[in-house]
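Dear colleague,

I am passing on the structure we spoke of, placed just below. My notes follow it, and I would be glad if you read them with the model open.

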Amino acid sequence: MDALAGAQRALSRPGALLVLDVDGTLADDVARRHLRPVADPHCLSGLTTAQIDRYMAPELVAMDACVRGAQRFLVSLLRHLPLRGRNLAIVTARWDTLRAVTELWLAANYGFLRPCPLLMRRWGDARPSVDVKLELVLRHGAHGVWLDDDPQMLAAAERHGFVTLKAPEVYAPSEEVQCSAER
């Protein structure tokens, strides 16, 4: 089944929610990737608060590039969907102290997704990202499509009834309009 068509079908159901992860799905952390754990680059578990603060430094977060193909894929997905009321949520394991820089980056690079809730982890919440993000999203909807780069997150979302799409593999190779961080 074509991923785009399957996602569109799932999102056509009443009350369906499109969930978009930020890091690794929308944002490419090129300026800070070297600060991720080598063993599991999708998760910051095992890092100290100070190490996570270094990885999440606002000046580095602001330098993120767009994940190649993400914009085009999302425009195609949203083009044919009746997202009345924008049944869309952006979720991130970033601490809420990065809300301002994250909102600015999203507005500059994915403005067509706004307005929608930006769900963020409370500062100092050291639970695994999967637990935090699932809890945040389930407050807003119980089914739909979850787009993420973390296989563990996708497995948990699928167990909760979401159709899952793995980024960036789901993005068709194409010429992409550069996001503002790449200009």
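**Threonine 102 and its surroundings**

The side chains of threonine 102 and arginine 94 are joined by a polar contact of 2.8 Å, a polar contact being a pair of N or O atoms within 3.5 Å, of which, within protein, one must be able to donate a hydrogen and the other to accept it, while residues adjacent in sequence count only if both atoms are side-chain atoms. Please bear in mind that this is a predicted model, in which local features need pLDDT of at least 70 and side-chain atom pairs count only at pLDDT 80 or more, whereas totals for chains, interfaces and linings use all residues. Residues are numbered from 1 along each chain as its sequence is written, and side-chain values use heavy atoms, with hydrogens and water left out.

Threonine 102 lies in helix H5; helices (H or I, at least four residues) and strands (E, at least two) are DSSP runs numbered from the N terminus. Threonine 102 counts as buried because its relative accessibility is 0%, where buried means under 20% relative accessible area, exposed over 50% and partly exposed in between (1.4 Å probe, protein chains only). Leaving aside neighbours within four places in sequence, threonine 102 is in contact (heavy atoms within 4.5 Å) with Arg94, Leu118 and Met120.

**Strand E4**

Isoleucine 90 stands opposite leucine 118 in E5. From E4 the chain crosses through H5 (residues 99–110) to E5 in a right-handed β-α-β crossover, that is, with the strands pointing away from the viewer, the path from the first strand over the helix to the second runs clockwise.

The mean pLDDT of the protein is 83, and 84% of its residues reach 70 or more, pLDDT being the predictor's confidence in each residue, from 0 to 100. Over residues 174–183, however, pLDDT stays under 50.

Key
Two strands pair if DSSP finds at least two bridges between them.
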